[in-house]
Structure formats: C-alpha cells, structure tokens
Amino acid sequence: MKKEKSVKISTGMVEHPSVGRIVFLVVDIILLLGIAFVCILPLWHVIMASISDGYALYTTKSLLFVPAGKISFEGFSKVIALSQVWKGYGMTLVYVVSSTVLGVFLTMCGGYYLSKKTLWTKFISILILLTMMFNGGLVPTYMVLRTLGLLNTPFAIIIPGCTNAIYIMMAMTAFRNVPPSIEEAATLDGCGHWRMMFQISFPMAKGIMMVVAMNCVVMQWNSWFPASIYLTTARDLWPLQLVMKELMNTYSESNILKTLPIDFDKFVIQYVLIVISTIPILIACPFFQRYFGDMTVGGVKE
Amino acid sequence: MEEKVLAGERTESIPPKEKKPKKENKFIKDFKQNWRLHIIILPVLAFFIIFSYFPMIGIITAFLDYRPTRGIFKSEWVGFKYFGQIFSDAQFALVFRNTCVMACLNLFFGLVIPVIFALLLSEVKIKWLNRPIQICSYLPNFVAAVVVCNIVINFLATNGVVTNIFVAFGAERENILSDPKYFWGINTVVNLWQGMGYAAIVFTAAIQNVNQDLHEAAVLDGANRWQRMWHITLPGILPMIVTMLVLKTGLMFSTGFDNILLLYMPSTYETADVISTYTYRMSLGGGNQYGFSAAVGLFQSVISTVLLVLSNWLSGKLAKTSLF
C-alpha cells in the first residue's frame, strides 16, 4: 500500500516523451514481454501436453500452444489411480505444515531475542552467523541424524532445514523496526517476553515473517534430496517430489517404448504429474505476493 | 537517501568491555537480570547446536578411516591422508574446475541479468503491463527442481523440442544433455530461467525506493535518462547489489546442487561433476568412502568461508557496504 502511494507521487514529475524515448519504451516492452513469454512457455507446454492425446503427443515434437490431438484426460485418470502419488501428497502436506510452523516459531524466537540488546545477544548472534559460513557437510549431518535416531522418521525431513541464519537475521531486522515505545508501554502493563513476542512484535513484523513462511513452504514443497538420503527404507514417508522423481523414470519415453504393446497414453503421465505437483504451489504464490514488498535480504532494509 | 541498516552493525554498538576480569561477572549479572529473555533463545540455540555444530564434530571423520559399523571413536586415525589424496586425485582437479566455472557463471549471470531486468521493468510505468510481466518472470522460481529438470531432459532429448530447433539450424541430432560440451551452458540457462525473476524482485523494490527528488533535480540539471540511470539509480541500488553479491558468493559453491544431480549423467561427468555431487557420490550415493568425502566437504566449507569473508571485506572497502 505504502509503496504504491510513493510511486504515484513520483510520477508527479512531468516529462514530455521524446521520439527516442518512445522507441526505447516500445523496444523495452517487447523485450520484457519476450522474457515473460520465455518464462511461462515451458510451463504452458507442460499443461497443454498433460491434456493431450497420448499418441498425438508422441508424434508431435514441437512446442505445444494448444493440446496435441484431441483433448483427453486419460493421463489424469491414470495418475489418480496411482496410490503412491496421493501418499506422497499427504506426506508433503504434513512436512510443509509442520516444518513451516516450527521454522516460523524458531525464526521468531531467534529474531526477537537478537533484536534485544544484552551482553549475550552479540555472542549468540555470532554463533548463529557462523553457521551461515561453515557447515559440517553432507556426511556429518547424516551421521548426526543417525546418532539421534531420526533416520527414516518424518522428523529427519521436518526439523533440519526449517530455519537458518539468514531467516533469523531478516526477522531480527524486522523486530528492531518495532517502535520501542510500544514495547515499553506493553512492559509497563505487565507484558512478559513471550506474550510480547506473539501479540505485539509478531503482528508488527508480519511481512517479514510471511516471507520466511513462504520460503519454508516453497522449500519443503519442492524438496526431494533430503528425503532420498534420510528416508531410504521408509518409502511410505516419501514426499511427493521424490515419488515423482521415481515415477518420471518409470514413465520415461524409453521405458514406455520397452514394453510391448506400447501404451501411448502413458506418455502423458509425466506431464500430468508435473501439473498436479506444481499447480498448488503456483496457486499459493499470489497469496504471498503482497508480502514481497517486505522482502529484505540478509538484514538490509531496502 | 535512506541509510542502509545492516544486520551486524547495531550489535556492534554494544559498549566494549574494558577490563577482562570483570567480563565474567557481567555476563552472569546480565543473565540473572534477563533470564526471562534468554529462555526464548534456548530452542533456537538447541537447533543450531544440534544441526549445525554437532555435524562440525563429524568433520573429524575427514581424518579417520571411517567405517559406519565402527563409529567415530573406534575408527582408525589416518591424519591428512585424504587431503593428500584430494590433491593428487586427477578427477578432483576436474571436479574443482567445474565447480569454479559453473559457480562463477551462475554468480555473474544470476546477478547481472536480474539487475538489467529490474532496470528495464522499472522504465515501464504502466501498471497493468508491469505486474503480469513480473509475475510471469518469477513463477519459475516456485517450480520444483525435479519438475524443471524433467522438462529440461524432455526438451533436450534426441527428439526434444529444443533439439529440433537446433537441428533446423544445422546442428547434429543428438541428446544435447549427454554431450559434455554443452553442460555449462545448459546449467547456466536453467538456473537463470529459475531464478532471474525472483532475484529481480529485491532490485525492483530497491529501484522504487530510490529518492525521486534526486531524479527531479537531475532532470532540472539537464541529465538524460541514461545519465540518471548511471548516476542515480545504480548507486541507489548498489547496497542491495553488493549484499546479494556477498550472499551469493558465500553460497556459490553449495547451491545449484539439486539441478546438477538431476541433470548430469556418467557421460557428462567430465564437465558436470561438482564438489557437492562428487561428495555425494563418494559417500551416501554408493561410494562409501566417508572419510574422503568428509575431507572434500571440509575443503569446500573452508573455501566458502574464505570467499564469504573476503567478499564481505572487499564490499566493505569498495562499496562501503558489508553484510556483517
């Protein structure tokens, strides 16, 4: 809201466009439209392919602007029949929700704490910052999880990546921008730290916290690698992306062509999988979009 | 212009402790005074100690002949054997070269193109055009790596969409992805497609926040658009660019791992294999050389740290902006 206003004021400056300026703008707009086009073209192709006819899809090997052949939902009905896809969906939802809640809570605690000035905060902020630069690496992290007995449990996916030093630094900056007078007033009214954090600071730093939440959601929704090393024997716990990765191999073109007679409807399955796994996150992102304005990086306020 | 508020800067305003002996008392006194506040950090501290600091203990496996069945304490101590092995390993030299090349390509294009895009976008003041373009540009960021790479694999297959275009221009028909000489380019383009719009968001916001009075003053002084962009907009968003540069430099060796792991294949190892994929293959990916892999991981960590500190120091010197 605030940003839009300032833009309006800024356009108060009147400049008469010259010919060169108009040419530039036209070229600029065409270029930008081209970029936007390239960005969504592959996604459009996938969506069109997912509702194509299997055989027509196999024979046409160009970009699809409209579905190849007759519109068919054969692929969707085939995927709906795959039980592991729905299991994966369920697990991904569990991971996304729990990891985001935990991540936002930890980020809020860290940010709130570091926004206060005590002797300990500096020491602890260095401790947290160090983790940004130096980490144990793949194998040591794996061994810690194994020692803790977290391998092949959902916690191996939920806990380790839920927050990081960058999120906490972002939250810290946001909490520092909360006017001290409000916090003082609350303290005088007998408000403790926990209550202050949840009921006063958090609502005032909501934008940044939403950005953190969004990052957690997107990260978890799209993650497959941790599951592939931490959940090796617990296939029931696999998130959607890992299930997809495997199914993509099963239904790759060369694999389909191996089995005779060739079932051409199977060519559509890959695309259907992409569509059903991607659409939810694409629908969710406009919801977060109004908080993008609050996005700051590494504590730098724009 | 609004001064940039930096993460670390304010913490440094704590008055330094003058005398050493008093230090401990101060800390204890502070703890007693603010223990209610300090309780809040406990879960966070526990998180970082368990998932960031405990693994650092595991780095010790880089000096051990680690066998999972024996555990850390019963494994044999081999000292710097693995580090010697790293530097004499011909494959590691290739891996290291690939890591550097791809990280630099990603760093350069991943920073320059979003800035250019944001500048171009900010010139168009038509809202109904501006918004949809921006939304389209950052949508790919939300698409999972598995999906993106699958699309890439399909497009670049022997009879894929992109291959067909190349063949139309006279190239030989082949699976482009299996040809090592194209891998760097493919990886850069894929990363750019995924991240360009999202990276541009912060720059667009920064451009909007540049003080408009400066532009008006410059117009009155007869500056043209180009001069204004060069002398007002760019310096205005420089702190943001520098911050992103420092952040990306620190992370340059550890990001992009997912894509490579999904896109490479044995025939492209010579150009596609990077430190993180190499470590993975050597250890959990089936190689079982845990000690060697931990040594490589440590090597990578040290380089990342040095790069981060160095770029932070440089940006502090050159642009008067540092991250911490």
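## Chain A as a whole

Among the contacts in chain A (heavy atoms within 4.5 Å) between residues at least 6 apart in sequence, 70% join residues at least 24 apart. This is a predicted model, where local features need pLDDT of at least 70, side-chain atom pairs count only at pLDDT 80 or more, and totals for chains, interfaces and linings use all residues. Residues are numbered from 1 along each chain as its sequence is written, chains are lettered from A and ligands numbered from 1 in the order in which they are written, and side-chain values use heavy atoms, leaving out hydrogens and water.

Chain A is more spread out than a compact globule, because its radius of gyration is 25 Å, well over the 19 Å that the globule rule gives for 302 residues. That radius is taken over C-alpha atoms, and the rule is 2.2 Å times the number of residues to the power 0.38. Along its principal axes, the C-alpha trace of chain A spans about 75 × 70 × 35 Å.

## Cover and a buried valine

Of the 302 residues in chain A, 53% are buried, meaning under 20% relative accessible area, with exposed being over 50% and partly exposed in between (1.4 Å probe, protein chains only).

A:Val272 counts as buried because its relative accessibility is 0%. Leaving aside neighbours within four places in sequence, A:Val272 is in contact with A:Ser50, A:Gly75, A:Phe76 and A:Val79. The C-alpha atoms of A:Val272 and A:Val79 are separated by 7.2 Å, although the two residues are 193 apart along the chain.

## Helix α6 of chain B

Now over to chain B, where helix α6 covers residues 145–156. From first C-alpha to last, this helix of twelve residues reaches 16 Å, close to the 16 Å expected at 1.5 Å a residue; the expected span is 1.5 Å times one less than the number of residues. Eleven of the twelve residues of α6(B) are buried, including B:Val146, B:Cys149 and B:Phe155.

What do these buried residues pack against? Their partners are α2 (19–50), α14 (240–250) and α16 (269–289) of chain A, together with α7 (161–168), α8 (183–208) and α11 (257–263) of chain B. B:Asn150 belongs to helix α6 of chain B and counts as buried at 10% relative accessibility. Not counting residues up to four places away in sequence, B:Asn150 touches A:Met248, A:Gln270 and A:Ile274.

Definitions and conventions: Helix = DSSP H or I, 4+ residues; strand = E, 2+ residues; numbered from the N terminus.
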